[in-house]
Structure formats: C-alpha cells, structure tokens
Amino acid sequence: MKRFAKPMLFVLAACVLAFALAACSSHDDPYAAAGTYKMVSIQSDDPSGAVSADDAALLDAVGLSTVLELGDDGTGTFTLLGVPTAITWENTTFVIDGTATQFTLSGSTLSIVGSDGRVMVFQKQ
C-alpha cells in the first residue's frame with residue numbers, strides 16, 4: 001500500500017495543478033474580445049427605431065458603416081455612420097467620450113443595449 005501512496009499523491013497533485021492552470025486561462029484576458037465588429041442590425045420594440053439587416057447593408061454600401069474595432073491593447077475605434085471616434089475598452093466595457101457602455105459577447109456576436117432599450121447587434125469580421 002505504501003508503495004502506491006507516493007505515485008497516487010503525485011498524480012493527485014498533478015491533477016490539482018492542471019485544474020488550477022485551466023481555471024486561470026484566457027478567461028482572465030481583459031482583451032479577449034479584440035477584433036473588428038460590423039453592425040448588422042438594431043433591434044427595437046418600436047419598428048421606427050429598428051434597423052434591419054438589409055438596411056444595415058444599404059448603409060454600408062453607401063459608406064455609412066457602423067463598426068466597432070477593439071484592439072488587443074485596450075484601444076479602439078467606434079465608427080458610427082462613417083464617423084470614427086477613439087475609444088478605450090476592457091473586458092465587456094468600452095468608454096467613448098467619457099461614457100462607459102457595457103456590451104455582451106456570444107460567440108462572434110457582440111450586442112450593445114442602449115439607454116433607450118434598442119439593441120445594436122454586431123458580427124465579428
């Protein structure tokens with residue numbers, strides 16, 4: 001029994017270390033969402049405040065894109081209808097003109113809920 005105790009203890013310690021390292025993986029990267037995201041729609045309960053995917057494509061075609069670029073260094077650009085503005089960001093918050101805005105990320109889809117309840121939906125490029 002004593003002969004197997006040391007190897008078992010070693011295996012147990014290795015497993016604990018592996019799980020601890022896995023828990024500290026990319027989830028701690030505050031810039032994991034880095035990339036370029038193009039607006040594909042705006043969802044709203046009020047139809048007059050919504051922008052369909054077709055409308056977003058039309059705006060893009062005439063040079064009035066809405067794009068969120070999140071650099072892997074915490075800087076970026078929010079281009080609204082073709083007009084770029086510098087931003088900073090970390091985790092799921094970006095700051096534009098001194099105002100912090102939260103976003104959610106699900107796979108390659110980034111969503112921003114405005115103060116009016118409309119949801120800007122972006123797709124990673």
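**Notebook: contacts, strands, core and salt bridges**

I began with contacts, counted as heavy atoms within 4.5 Å. Among those in the protein between residues at least 6 apart in sequence, 42% join residues at least 24 apart.

I noted the basis of the model next. This is a predicted model, where local features need pLDDT of at least 70 and side-chain atom pairs count only at pLDDT 80 or more, while totals for chains, interfaces and linings use all residues. Residues are numbered from 1 along each chain as its sequence is written, and side-chain values use heavy atoms, with hydrogens and water left out.

**Elements**

I looked up the secondary structure. Helices (H or I, at least four residues) and strands (E, at least two) are DSSP runs, numbered from the N terminus. I found 2 helices and 9 strands. From the N terminus on, their order is α-β-α-β-β-β-β-β-β-β-β.

**Surface and burial**

I took accessible areas from the Shrake-Rupley method with a 1.4 Å probe; for residues, only the protein chains shown count as cover. The protein exposes about 8300 Å², and carbon and sulfur atoms supply 62% of that area. I call a residue buried under 20% relative accessible area, exposed over 50%, and partly exposed in between (1.4 Å probe, protein chains only). Buried residues make up 25% of the 125 residues.

I then checked nonpolar patches (residues with over 30% relative accessible area and no salt bridge, nonpolar side chains Val, Leu, Ile, Met, Phe, Trp and Tyr joined within 5 Å; like charges are joined within 9 Å). Leu58, Val62, Leu64, Leu80 and Leu81 make one of about 440 Å². Leu81 sits in the loop between S3 (75-80) and S4. Leu81 is partly exposed, at 42% relative accessible area.

**Core**

I looked for a nonpolar core, meaning buried Ala, Val, Leu, Ile, Met, Phe, Trp, Tyr and Cys residues joined through side-chain atoms within 4.5 Å. The largest has 18 residues; Leu68, Leu70, Phe94, Phe103, Leu110, Ile112 and Phe122 touch the most other members. S1 (35-43), S2 (67-70), S4 (83-90), S5 (93-96), S8 (109-113) and S9 (119-124) each supply at least two of its residues. S1 gives the most, with 3.

Leaving out residues up to four places away in sequence, Phe94 touches Leu68, Ile87, Thr88, Trp89, Thr99, Ala100, Thr101, Phe103 and Ile112.

**Around S5**

I checked the faces of S5. Phe94 and Ile96 form the covered face, Thr93 and Val95 the uncovered one. In a regular strand the side chains alternate between the two faces of the sheet.

I count strands as paired if DSSP finds at least two bridges between them. S4 and S5 are antiparallel over 3 bridges, and Thr88 has Val95 as bridge partner. Their hairpin has 2 residues between the strands, and Asn91 in the turn has a positive phi of about 55°.

S5 and S6 (99-102) are antiparallel over 4 bridges. Phe94 is the bridge partner of Thr101, and Ile96 stands opposite Thr99. This hairpin also has 2 residues between its strands, and Asp97 in the turn has a positive phi of about 50°.

**Salt bridges**

I required a side-chain nitrogen of Lys or Arg within 4 Å of a carboxyl oxygen of Asp or Glu. The count is 2. Lys38 and Asp60 meet at 3.2 Å, N to O. Lys38 lies in S1 and Asp60 in H2 (53-61), so the pair ties together parts 22 residues apart in sequence. Lys38 is partly exposed at 24%, as is Asp60 at 30%.

Arg118 pairs with Asp116, with the closest N and O atoms 2.8 Å apart. Arg118 is partly exposed at 32%; Asp116 is exposed at 51%.
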